Amino acid sequence: MNLGISGKRALVCASSKGLGRGCAEALAEAGVNLVMNARGAEALEAAAADIRAKYGVEVETVAADITTAEGQAQVLEVAGQVDILINNAGGPPPGMWTDWDRDDFIAALDANMLAPIALIKALVPGMMDRGWGRVVNITSVSVKAPIPVLGLSNAARTGLTGYVAGTSRQVAGKGVTINNLLPGIHATDRAVALDSGVSQQQGISMDEAKAQRAATIPAGRYGTSEEFGQTCAFMCSQHAGFMVGQNVLLDGGATPSVM
Ligand code: NAP
């Protein structure tokens, strides 16, 4: 399918690995020029070189922490005017509800709620002026079905979801769509970290931990960054212009909800 976005420019945050990388790759495959970001410069440069070589698009990089005001300023300076914004960052650590104090909540809110909001506020006005834009926020299945050990994530991402629900309706009339893409379990470093937590807690091997988690998914497997990225690229395409304020769940059927 021709996504109709060849030649557009996208900022893809937290994209040297995992789901962000999957989104960057799929947008590049559709002919979109990229600004990629992550904290670690080495992996970021390697990912950018790979994508340039594979798809022949322009790729600029900014090694910065997207959860800080300084990092956002650095990224925005390089990004300039973009047509597409993919918001992403690492997820907060797991724990018990009694573990977290105010500073932990502020860090989670900065990373998974306030950083995406800051970038939306910085970049969407330009998209509205130009009459076209796409924003996709990578959130989590946890906004539909909370994951008990990820209380910080549940809280911060639900906050972003509420903000998007209202804001997306305020900007849609100017050709800008804002939607959320909700990963269930995907085979990335984050999943390895969560498998490792299960393995340690239950005294089982990593393979057993992975098999145990895969068994909770009707599709019988973890999702891939590639299929996640392709869905993201579709949500950024010309064809998705009527999709506004939606929460698109990619979880292999793991969440037993009707809608
Ligand atoms: P991942 O494989 O660990 O990749 C994270 C990427 O983000 C890396 O490129 C990392 O590079 C970058 N990054 C992390 N923190 C950053 C920061 N503060 N500033 C800039 N870049 C940053 O993670 P993932 O699995 O793709 O997960 C992406 C998001 O989806 C996370 O928020 C995660 O919680 C959420 N999620 C994932 C799953 C899953 O099963 N994978 C399920 C639900 C939700 P650097 O470390 O070099 O910065």
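1. Start with the ligand. In this predicted model, a backbone N or O atom of G90 lies 3.3 Å from a nitrogen atom of the ligand. A backbone N or O atom of G40 is 2.8 Å from an oxygen atom of the ligand. In D65 the side chain takes part: one of its N or O atoms is 2.8 Å from a nitrogen atom of the ligand. On its own the ligand has 890 Å² of accessible area, and the protein covers 89% of this.

2. Which residues surround the ligand? There are 28 residues around the ligand, and S16, L19, A89, H186 and T188 come nearest. Sorted by class, the shell has 13 polar, nine nonpolar and six charged residues. Three elements each supply at least two residues of this shell: helix α1 (18-29), strand β2 (33-38) and helix α6 (189-202).

3. Helix α3 covers residues 69-79, and its buried residues are G71, Q72, V75 and A79. Seen down the helix axis, these buried residues fall within an arc of 95°, so they line one face of α3. A69, E70 and E77, on the other side of α3, are exposed.

4. What does the buried face of α3 pack against? The partners of its buried residues are the strands β1 (9-12), β2 and β3 (59-63), together with helix α4 (102-130). After α3 comes G80, which has a positive phi, near 60°.

5. R9 belongs to strand β1. With a relative accessible area of 18%, R9 is buried, because the cut-off for this class is under 20%. Its side chain reaches two backbone oxygens: that of V78 at 3.0 Å and that of Q81 at 3.5 Å. Not counting residues up to four places away in sequence, R9 touches V32, N33, V35, E60, V78, A79, Q81, V82, D83 and I84. One of these, A79, is also among the buried residues of α3.

6. A14 sits in the loop between β1 and α1. Is A14 buried or partly exposed? A14 has a relative accessible area of 21%, which makes it partly exposed. The backbone of A14 deserves a look: its phi is near 50°, a positive value in a residue other than glycine. Most residues other than glycine have a negative phi.

7. T177 is part of strand β6 (residues 176-183). Its relative accessible area is 3%, so T177 counts as buried. Leaving out residues up to four places away in sequence, T177 touches G133, R134, V135, M235, A240, G241, M243 and V244.

8. G245 is placed in the loop between α8 (225-235) and β7 (247-250). Why does G245 count as buried? Its relative accessibility is 10%, and buried means under 20%. G245 is in contact with S168, R169, I178 and N179, leaving aside its neighbours within four places in sequence.

How values were computed: Residues numbered from 1 in each chain as written. Predicted model: local features only at pLDDT ≥ 70, side-chain atom pairs only at ≥ 80, totals over all residues. Heavy atoms only, no water. Near = heavy atom within 4 Å. Polar contact = N/O pair within 3.5 Å; in protein donor to acceptor, adjacent residues only side chain to side chain. Areas by Shrake-Rupley, 256 points an atom, 1.4 Å probe, with all protein chains shown as cover. Helix = DSSP H or I, 4+ residues; strand = E, 2+ residues; numbered from the N terminus. Nonpolar A, V, L, I, M, F, W, Y, C, P; charged D, E, K, R; others polar. Buried < 20%, exposed > 50% of the residue type's maximum accessible area, 1.4 Å probe, protein only. Arc of directions from axis to C-beta. Contact = heavy atoms within 4.5 Å.
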